[in-house]
Amino acid sequence: MREELYNIYSKSGIRGSVIEYGEKICSSLKDTFDDIDRTAEINQLKVVNAMQECRASEACLLGTTGYGYNDIGRDTLEEIYAHIFNTEAALVRPSISCGTHALTIALRSVLRPGDELLSPVGLPYDTLQEVIGIRESVGSLKEFGISYRQADLLPDSSFDYDAIKASINEKTKLVTIQRSKGYDSRNSFLVEQIGELIKFIKGIKPDVYIMVDNCYGEFVQTIEPTDVGADMVVGSLIKNPGGGLAPMGGYIAGKKELIEKCAVMLTSPGLGKEVGATLDILPKLYQGLFMAPTITAAALKTAIFAANIYEKLGFSTHPLANSKRADIIQAITLGSEEGIKSFCAGIQAASPIDSHLTPEGWDMPGYDSPVIMAAGAFVSGSSIELSADAPMREPYNVYFQGGLTFPHGKYGILNTLEYMIQSGLVKEKDLC
Ligand SMILES: *Cc1c(COP(=O)(O)O)cnc(C)c1O
């Protein structure tokens, strides 16, 4: 077996010392991986139970055309999401283009001219800055007279309760909490931490709505933000809950009155949830959701493996190799443009699709500095599949996530190390 493993890796261009180093790291992670498997087991049952309770049937997989009236597959899937997230209702649609779109719908559904949005956790994700109007943009909330306030985190990533309290006023209508760090160096928040924050905010203003940007957080723990008081959670189906199979889409789960408002924003006043044909997409959304707990587990294992690989070589990692995970993102500070390029090239070359391409930085819509992305994915841009992206700016962090299977994630990470050695950024003698 061992010889076979070395042979197949070396055929893929990975030298013996890198494989050996990887094996050592892997065996040190056994207990951690057992815990992840346990979480996946609980979440798998949560998903299956929801499908059973909502009586998912073969007919649910068929889909509709045209207006999409009486689409039982769509309606049942939304009921299943509501069960899983412990909410009254959900909106799960292929017509939600991406996570940013889902978040935009959620923001627009609640906020009206004169209202204020508060982020108590610092600057939101890059693309949302244009949605809100933090960076000027056509169609932003700001253009509609909706103001924005922010309380920054303390230097140790904890909540600045005094600043949050001072930011809540009579205009504050909606609070947005981003679970994952996005392109930031702070920690991602555990659901328990989000719960504490929600309790504090609702203690000051009970009627304020709390929305959590749940991107990359789904199924990482056995509870979700809506289990600890969030009124709405929002995410993308080409991340965790799509299980790698959903080819597009987004979801919002939450209080019935809010989901109805979201549906109206997505379609039209008067139409709401009643329209929206699903064509042939439903089997992938159902099966992807079914796969999501174990797919998320594979991504978590890959992230932890990567953190251990690079931390022991002296790179800073966020989160640290041994810390409790709040999402599937692993940031590694590579410190230079060259480091970013080598790492991303290693991921790309290990991909099942487009492995022969070399990723380069480009000005992606919604981002304010060039972003380099490595992704050789079955679903374009899917970041539950093994992928890495990095804004080309100090401190040259690569944000890496995904891996539909741990063996593939492991290979991808070993390949980045191989590329780093070849570029002289890591010394082979340091692998021990
Ligand atoms: C990915 C992400 C988004 C936006 O999702 P897209 O699907 O890329 O539009 C928003 N917030 C966070 C934290 C994310 O990770």
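Which residue in β12 is the bridge partner of Ala-374? The tour reaches that pair in its last part.

**Before starting**

The model is predicted: local features need pLDDT of at least 70 and side-chain atom pairs count only at pLDDT 80 or more, whereas totals for chains, interfaces and linings use all residues. Residues are numbered from 1 along each chain as its sequence is written, and side-chain values use heavy atoms, with hydrogens and water left out.

**First stop: the mixed sheet**

Select the open sheet of 7 strands, whose order is β1-β7-β6-β5-β4-β2-β3 and whose pairing is mixed. Helices (H or I, at least four residues) and strands (E, at least two) are DSSP runs, numbered from the N terminus; two strands pair if DSSP finds at least two bridges between them. At the edges stand β1 (89–93) and β3 (147–150); each has a single partner strand, so one side of each is left without a neighbour in the sheet. From one strand to the next, the twist averages 20 degrees.

Next, select β1 together with β7 (residues 250–254): the two run antiparallel and are joined by 5 bridges. Within this pairing, Val-92 has Tyr-251 of β7 as its bridge partner.

Helix α9 (residues 256–266) lies across β1, β5, β6 and β7, and runs at about 25 degrees to β1. Contact here means heavy atoms within 4.5 Å. Axes are lines fitted to C-alpha atoms, for helices over the stretch in contact, and angles run from 0 to 180 degrees between N-to-C directions.

**Second stop: the ligand**

- A polar backbone atom of Gly-99 is 2.7 Å from an oxygen atom of the ligand.
- A nitrogen atom of the ligand lies 2.6 Å from a polar side-chain atom of Asp-213.
- An N or O atom in the side chain of Lys-239 is 3.0 Å from an oxygen atom of the ligand.

On its own the ligand has 380 Å² of accessible area, of which the protein covers 91% (Shrake-Rupley method, 1.4 Å probe).

Select Glu-428 and Arg-15, which form a salt bridge with their closest N and O atoms 3.1 Å apart. The two residues are 413 residues apart: Glu-428 is in the segment after α12 (406–422), and Arg-15 is in the loop between α1 (2–11) and α2 (16–28). The whole structure holds 20 salt bridges (a side-chain nitrogen of Lys or Arg within 4 Å of a carboxyl oxygen of Asp or Glu).

**Last stop: the antiparallel sheet**

Select the open sheet of 6 strands in the order β8-β9-β13-β12-β11-β10, where the pairing is antiparallel. Helix α11 (residues 337–349) packs on this sheet, touching β9 (330–333), β11, β12 and β13 (397–401), and its direction makes about 25 degrees with that of β11.

Strands β10 (residues 361–362) and β11 (residues 371–375) pair over 2 bridges, and Trp-362 has Val-371 of β11 as its bridge partner. Finally, select β11 and β12 (residues 387–391), joined by 5 bridges. Here the opening question is settled: the bridge partner of Ala-374 is Ala-388.

Definitions and conventions. A polar contact is a pair of N or O atoms within 3.5 Å; within protein, one must be able to donate a hydrogen and the other to accept it, and residues adjacent in sequence count only if both atoms are side-chain atoms.
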